[in-house]
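Good morning, everyone; I would like to take a few minutes on the ligand site in this model, and please keep the structure open while I talk.

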Amino acid sequence: MRVATLEQLLDTLDRLFDDGSDWTRRNPREPVADHRVDHWAELFSRPDHPLTSDLPDSNLVDWRRRGLLPGGAGRTALGLGCGLGRNTRWLARQGYAATGIDLSPYAVRHARERSPAPDSTSDAIPGPTPDPIYAECDLLREAIPGGLYDLVYDSGCFHHLPPHRRLSYRTALASCLKPGGLFGICTFAPGRMGTEADDLTLLRRGRLEGGVAYSPDDLRAVFADLEPLDGGPLPSPEAGTEPVFWMDFLNAALFRRPG
Ligand SMILES: C[S@@+](CC[C@H](N)C(=O)[O-])C[C@H]1O[C@@H](n2cnc3c(N)ncnc32)[C@H](O)[C@@H]1O
């Protein structure tokens, strides 16, 4: 095959990461039962792993408290790479009609089994909360279900992409975020977690080293077509407020799509 289209170029560059360090694609060379097909199943099935938490990211709760994130009544939200659905469920509790998509069949199955927990905070939406919808989807290579969303949120998926797949990610985001809609993201922070090697080095090495670190400036550069609203380390949990997920090695940023 000779590269003639962008998709063929991206597929070819994927092959540089055939060492198994790219956890953002299904591995076509391994049998389905092999955990390398679903690296995430191995991780999510560890009972003590932080990502089995049911708590929402501290930045989400902070944005809601500061009025950057509106209540969800009459609005839709999409969790990209939603994992076991902890943030998607929180968005449903804020009143959003929430959908979560993930590459991992294990994650989707287990997210469906966890129904939204009752919310104890004073500004929680009263009454029953509709369950989020979860769907298996490779957001880099498949159409995202559900049309355009008012809010798209990604905690911890984007930083696992190989450099060239940022193009696929930006295309996917443009296909599912309403004009005027919000995009929130949470990534590894430089100096705390993730590699700071430049893209050419990563491509030459063909190894992702667990993920890439992004500063708020890096995120503003990657998502330069969006209007930045907030960015920085995850706000540390305040005593007496609702329990949140917080790690000192994460940054978060919030953007609005113009229009
Ligand atoms: C670090 S986990 C974060 C899970 C969840 N967002 C959380 O914070 O609890 C990254 C997630 O991204 C998902 N993912 C990776 N590549 C993906 C892709 N191409 N399409 C959809 N989901 C993907 C993984 O399956 C995994 O569940």
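This is a predicted model: local features need pLDDT of at least 70, side-chain atom pairs count only at pLDDT 80 or more; totals for chains, interfaces and linings use all residues.

Residues are numbered from 1 along each chain as its sequence is written, and side-chain values use heavy atoms, with hydrogens and water left out.

Around the ligand there are 20 residues, each with a heavy atom within 4 Å of it, and the closest are Gly81, Arg86, Asp102, Asp138 and Ser155. By class, this shell holds 10 nonpolar, 7 polar and 3 charged residues, with Gly counted as polar.

Turning to polar contacts (N or O pairs within 3.5 Å), the side chain of Asp102 has a polar atom 2.4 Å from a ligand oxygen, and that of Arg86 places an N or O atom 2.8 Å from an oxygen of the ligand. For Asp138, a polar side-chain atom is 2.9 Å from a ligand nitrogen. Of the 590 Å² that the ligand exposes when taken alone, the protein buries 97%, by the Shrake-Rupley method with a 1.4 Å probe.

Where does the ligand sit? Its space is the largest pocket, with a volume of about 710 Å³ and a lining of 40 residues, among them Trp40 and Leu51.

Methods
A polar contact is a pair of N or O atoms within 3.5 Å; within protein, one must be able to donate a hydrogen and the other to accept it, and residues adjacent in sequence count only if both atoms are side-chain atoms. On a 1 Å grid over the protein atoms alone, a cavity is a set of points where a 1.4 Å probe fits but cannot get out, and a pocket is an open set with protein on both sides within 12 Å along at least five of seven lines; lining residues have an atom within 4 Å of a point. A molecule sits in a cavity or pocket if more than half of its atoms lie within 2 Å of its grid points. Grid points are joined across faces, edges and corners, and a volume is the space filled by probe spheres set on the points.
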